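Thanks for coming. I will walk through one model and keep to what can be computed from its atoms.

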Amino acid sequence: MLKKILNLHEKATDRRIRPLCEEFGASVYPKVRVADVLPIEGSGISDQDYQFCLQSHFDFVVADGEELPLFAVEFDGPRHQRDSTQQARDMRKNWLCNRFHLPLLRVSHDHVVEREGRAFLEYMVELHFLEKVVQAAVERGDHPPDTEYFPQSEFDGTSKIKKELHRRGICPPGWLLMLPKERESVLYYSISHVSLDAPRPRSGAGERCKATVQVRILKGWKQPQEIFSVKRTALLTDCSPNHDVLGVHGWHVAKEFAEFLCFQEVMEKVDRLLYARCE
């Protein structure tokens, strides 16, 4: 019996990125041989690296209207975290992408699963294309040469959960300024960006953008009482020195993901607390 071209995880990845890429005039190609993307002929890479390019493939390659590669996407399942041989292959592929300046985005199940109506992978890919729109505007002279794209909007799911918390009587800190009489009794949330670490641009193995976020539910303005807190860390592997795929700010995407994970758990805890009060 013939094998399927894409496994379940790869099909989920394809389903997330293809409509979005096509919206921006790009095409998505699965299972593309590395040697068919990277210009390895006469490049000076080692025989081992050359052979690796001939034998390995990218899960997906996204190309522009002229069929030139824009970036590659790799889905890393559990094996990529525990198999040393697989990790060595991943590091070699990361290095080759750095060597030939091809952005490579590594994602896991967390980035592909739909949350609050959208997968985080879609958010990441959209940042990439929006950054390119800004770059094109700079080249046309529509913006100053030093203009840099920086995503201001948070992940859709985070916004939705914040609205749901507000409906349950838990507000952002700014609202307390408008409720002077109720300041000591209203519950509110506080966001702390514990760490935001972006890798230093350099050639070599893949780098990780790391962010740790803490969200606390508090009560009381003068002497806040912590009801509970949630802390989450997000890691995104980005082997492109310029972080092209992640909107040039990989740490921003990691921060948004960590913040979303925090708020997702906050909502679950709040609902349990409210349910307990109704018992």
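Ser56 touches Arg33, Val34 and Arg89, leaving aside residues up to four places away in sequence. This is a predicted model, so please take what follows as values computed from it. Ser56 is in the loop between helix H2, residues 47-55, and strand S2, residues 57-63. Its side chain reaches the backbone oxygen of Phe52 at 2.7 Å. Is Ser56 buried or exposed? Ser56 counts as buried because its relative accessibility is 3%, and the cut-off for buried is under 20%.

Now the overall picture. The protein has nine helices and 10 strands. There are 279 residues, and 46% of them are buried. Among contacts with a separation of 6 or more, 68% are between residues 24 or more positions apart. The accessible surface comes to about 15200 Å², and carbon and sulfur atoms hold 50% of that.

Helix H4 covers residues 84-99, which is 16 residues, and reaches 22 Å from its first C-alpha to its last, close to the expected 22 Å at 1.5 Å a residue. The buried residues of H4 are Gln86, Asp90, Lys93, Asn94, Leu96, Cys97 and Asn98. After H4 comes His101, with a positive phi near 60°. Helix H6, residues 120-140, has 21 residues and reaches 31 Å between its end C-alphas, close to the 30 Å expected. After H6 comes Gly141, and its phi is also positive, near 90°.

Ala258 is buried because its relative accessible area is 0%. Which residues does Ala258 touch, not counting those up to four places away in sequence? They are Ala211, Val213, Arg232, Thr233 and Ala234. Ala258 and His193 are 65 residues apart in sequence, while their C-alpha atoms are 9.4 Å apart.

On to charges. Side chains of opposite charge can pair when their charged atoms come close. How many salt bridges does a search of the whole structure find? The search finds 21. In one of them, Glu116 pairs with Lys160, the closest N and O atoms being 3.6 Å apart. This pair links distant parts of the chain, 44 residues apart: Glu116 is in the loop between strands S5 and S6, and Lys160 is in helix H7, residues 156-167. Glu116 is partly exposed, with a relative accessible area of 34%, and Lys160 is partly exposed at 42%.

Also in helix H7, Arg167 and Glu164 lie three residues apart, about one turn of the helix. They form a salt bridge with the closest N and O atoms 3.2 Å apart. Arg167 counts as exposed because its relative accessibility is 68%, whereas Glu164 is partly exposed at 22%.

The side chains of Arg168 and Asp271 meet in another salt bridge, at 2.8 Å from N to O. That pair also links distant parts of the chain, 103 residues apart, with Arg168 in the loop between H7 and strand S7 and Asp271 in helix H9. Arg168 is partly exposed at 31%, and Asp271 is partly exposed at 30%. Glu164, Arg167, Arg168 and Asp271 are linked in a network of salt bridges.

Last, the surface. Trp175, Leu177, Met178 and Trp221 make a nonpolar patch of about 440 Å². Trp221 is in the loop between strands S9 and S10, and counts as partly exposed at 33% relative accessibility.

Key:
Residues numbered from 1 in each chain as written. Predicted model: local features only at pLDDT ≥ 70, side-chain atom pairs only at ≥ 80, totals over all residues. Heavy atoms only, no water. Helix = DSSP H or I, 4+ residues; strand = E, 2+ residues; numbered from the N terminus. Buried < 20%, exposed > 50% of the residue type's maximum accessible area, 1.4 Å probe, protein only. Polar contact = N/O pair within 3.5 Å; in protein donor to acceptor, adjacent residues only side chain to side chain. Contact = heavy atoms within 4.5 Å. Areas by Shrake-Rupley, 256 points an atom, 1.4 Å probe, with all protein chains shown as cover. Patch = residues over 30% accessible without salt bridge, like charges linked within 9 Å, V, L, I, M, F, W, Y side chains within 5 Å. Salt bridge = Lys/Arg side-chain N within 4 Å of Asp/Glu carboxyl O. Expected span 1.5 Å × (residues − 1).
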